[in-house]
Amino acid sequence: VPTAGCLRAAISAEISKYAVMMKKLCGRVRFKTVYEVTLLGRYFDNITPSGIGGQPFQIYYLSKNGIPAGDCAVMPVAAFINMQSAFCIIAIVMFILRGSVISQPAIHVAAYIGLVLYMGLPFIIILFTLAPVWTEKAVRWFINLFAKMHLVKDPEGTNSAAIATLQDYRTDIIELMKVRGLAVILLALSIVYQAGICSMPYFVIRMFGGHMSWADALATTMFIYAAIAFIPTPGNAGAAEGSFYLVFSMLTQGHIFWAMLVWRFFCYYIYIIWGIAIYARNYISDRRHAGKSAPPPAPEQ
């Protein structure tokens with residue numbers, strides 16, 4: 001099934017991204033760690049609001065598996081920046097080339113706002129890396145503005161926390177930039193991942209007998225993903241299903257439900273199944289290992 005092929009290509013690209021980083025930063029690749037940190041990262045992205053759980057878990061998981069502290073932070077941060085950047089690159093290209101595929105102005109506006117959100121954090125991190133003093137002043141100015149609007153209760157504490165986080169990211173990015181050619185490889189693999197995930201609706205449409213060009217399907221998908229970027233539900237649940245009705249609306253009514261179910265399985269539910277399976281396998285393995293290493297019972301007197 002081509003949809004499964006898109007998923008396989010996307011996951012392979014993401015695993016390769018962590019493998020390349022681990023090889024460059026640590027000197028060797030731990031394939032089990034790379035495999036699990038990739039899939040469990042996606043698992044936590046999909047079960048936490050706004051996908052905020054994946055990166056902190058990946059940092060914890062890498063640390064738990066003996067990866068040096070500095071590398072634990074730099075790998076998920078680099079993966080995140082490249083993932084967001086890849087989405088923005090593909091989205092901007094498709095918005096320019098196939099912007100007319102979406103006729104609803106509200107979706108255009110929401111997509112542009114979402115794209116700004118996608119670009120926001122990577123842009124701030126990169127800007128802080130290149131111009132820390134200027135960026136720190138800008139962050140303080142915005143936090144003070146939000147405080148005057150009663151959106152921030154403790155501006156000093158918020159500013160200190162934000163700057164401390166950016167300082168950590170800056171250290172990580174500088175460390176990463178020392179590795180020649182790595183940034184280009186990571187961005188290319190991230191583009192493969194995003195292209196694979198965002199091409200799934202096209203192949204689902206073809207599976208159920210619909211006709212739509214790949215470029216139009218990809219552009220529509222990018223518009224919708226960008227438009228629902230700020231929906232704070234796990235995996236954009238609810239908003240994703242409702243919004244992607246536009247993509248599958250060309251199918252007959254009896255096929256729309258099944259098409260959306262197949263698409264949602266490959267882009268969302270399968271990560272949850274993978275995550276649960278990995279946890280179950282590791283739990284069983286740990287129990288077996290604990291049983292083998294337990295001392296034999298003392299002989300009865």
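Predicted model: local features only at pLDDT ≥ 70, side-chain atom pairs only at ≥ 80, totals over all residues.
I began on the surface, where Ile-89, Ile-92, Val-93, Ile-96, Leu-97 and Met-119 form a nonpolar patch with about 540 Å² of accessible area together. Patches take residues with over 30% relative accessible area and no salt bridge, joining like charges within 9 Å and nonpolar side chains (Val, Leu, Ile, Met, Phe, Trp, Tyr) within 5 Å. A salt bridge is a Lys or Arg side-chain nitrogen within 4 Å of an Asp or Glu carboxyl oxygen. Areas come from the Shrake-Rupley method with a 1.4 Å probe, and for residues only the protein chains shown count as cover.

Residues are numbered from 1 along each chain as its sequence is written, and side-chain values use heavy atoms, without hydrogens and water.

Next I looked up helix H4 (residues 69-98), which gives the patch its largest share, five residues. Helices are DSSP runs of H or I with at least four residues, and strands are E runs of at least two, numbered from the N terminus. Ile-92 sits in helix H4 and is partly exposed, at 37% relative accessible area. Buried means under 20%, exposed over 50%, partly exposed in between (1.4 Å probe, protein chains only).

Then I zoomed out: the protein chain has 12 helices and zero strands, and buried residues make up 45% of its 301 residues.
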